[in-house]
Amino acid sequence: MKKVYTIGEALIDFIPHEVDVPMSEVESFKKVPGGAPANVAATIAKLGGKSAFIGQVGEDMFGYYLKNVLAENSVDVTHMLHTNKANTALAFVALKKGGEREFAFYRKPSADMLLDRKYIETIPFTDNDILHFCSVSLIESEVKYAHIEAIKKVKEEGGLVVFDPNVRKNLWEDQVVYAQTIQEFIPYADILKVSDDELRFITGADTEEEAINHLLSQPIQLLILTKGKEGVTFFIGDKKINVPGFDVPSIDTTGAGDSFIGAFLYQFSLMDKKLIDLTPDELGAMGRFANAVAAMVTTKHGAISALPTTEEVEIFMTESKR
């Protein structure tokens, strides 16, 4: 079984008790664990795979809470560090009907941004490892260079690199620089996962077709285009595989994309084959499973706390055939 390392931010999501209320008018919030890379690692481990989280939190109650949650979900937290130089990142969320979100982040700087690149040099990656990262931690700070070091080490060992930009515009002051930074990191990826609503921002293209063609011109092996409840499209070689999604009563989409890519990587980690050798039928089955996990997550609040087990996913897919 391959091991999946995720690198980046682990933070506290404060989810509102009221729905369809502006952030400024929310009266109370519930604390839940979050951060895209942490969510991905937890998804893989919850489904039965091997995952490890690389990142840093504060020496505070939130940081120790996050580390405990990941450990309790069977994530390897050996490389989850603590620092007293900054606090654990916080994110307050406002929810609209249907589960769409508005974020307010407290991260100037936060502990995750101070992860030292020199620590990455001590991690013994192998050719059987997968590294997953997002764009939130590519802001100009020490953690950006920790990412570059991790990508370099995994590439040198012959491992696989997965990039999910997971765009969060309100964390970057300069949107042009943000888009350029994402573009700079795309060529490092073997797998690129983007959502349909991120295409224009990332590529600057006017149409979806132009954006996809631009991304396919990059040296990536697999492009994954997620489309919410409409499902996912895989682009690999000259093949295009469409996989329909599941229509469920969503109440919170937080972590849906993270759980999708986590579920996909979990399935791939079980396979003794190269990415380029995946057949359309295999990708179709993997897409249906990952779509199911993401759909199930949106029916509950939070991200990690909403994750299903493999058995629950199988039951959901069986019942959805009826």
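1. Contact here means heavy atoms within 4.5 Å. With residues up to four places away in sequence not counted, I120 touches I7, I54, L115, F125, A146, E149, A150 and K153.

2. The model is predicted, so that local features need pLDDT of at least 70 and side-chain atom pairs count only at pLDDT 80 or more, while totals for chains, interfaces and linings use all residues. Residues are numbered from 1 along each chain as its sequence is written, and side-chain values use heavy atoms, with hydrogens and water left out.

3. A nonpolar core is a set of buried Ala, Val, Leu, Ile, Met, Phe, Trp, Tyr and Cys residues joined through side-chain atoms within 4.5 Å, where buried means under 20% relative accessible area with a 1.4 Å probe and protein chains only. The largest nonpolar core holds 52 residues, of which I120 and F163 touch the most other members. Helix 4 (residues 142-157) gives the most to this core, with five residues; helices are DSSP runs of H or I, at least four residues, numbered from the N terminus. Another core, of 39 residues, lies apart from it and includes I236, F264, M271 and L275.

4. The axes, which are lines fitted to C-alpha atoms over the stretch in contact, with angles from 0 to 180 degrees between N-to-C directions, come within 10 Å for helix 9 (residues 280-297) and helix 10 (residues 310-320) and cross at roughly 100 degrees. Helix 9 is therefore roughly perpendicular to helix 10, a term covering 65 to 115 degrees.

5. Helix 8 (residues 256-269) packs with helix 9 at about 145 degrees, their axes 8 Å apart. Among the residues that meet there are F260 and F264 in helix 8 and F289 and V293 in helix 9.

Technical notes. Buried means under 20% relative accessible area, exposed over 50%, partly exposed in between (1.4 Å probe, protein chains only). Helices (H or I, at least four residues) and strands (E, at least two) are DSSP runs, numbered from the N terminus. Angles under 35 degrees count as roughly parallel, over 145 as roughly antiparallel, 65 to 115 as roughly perpendicular and the rest as oblique.
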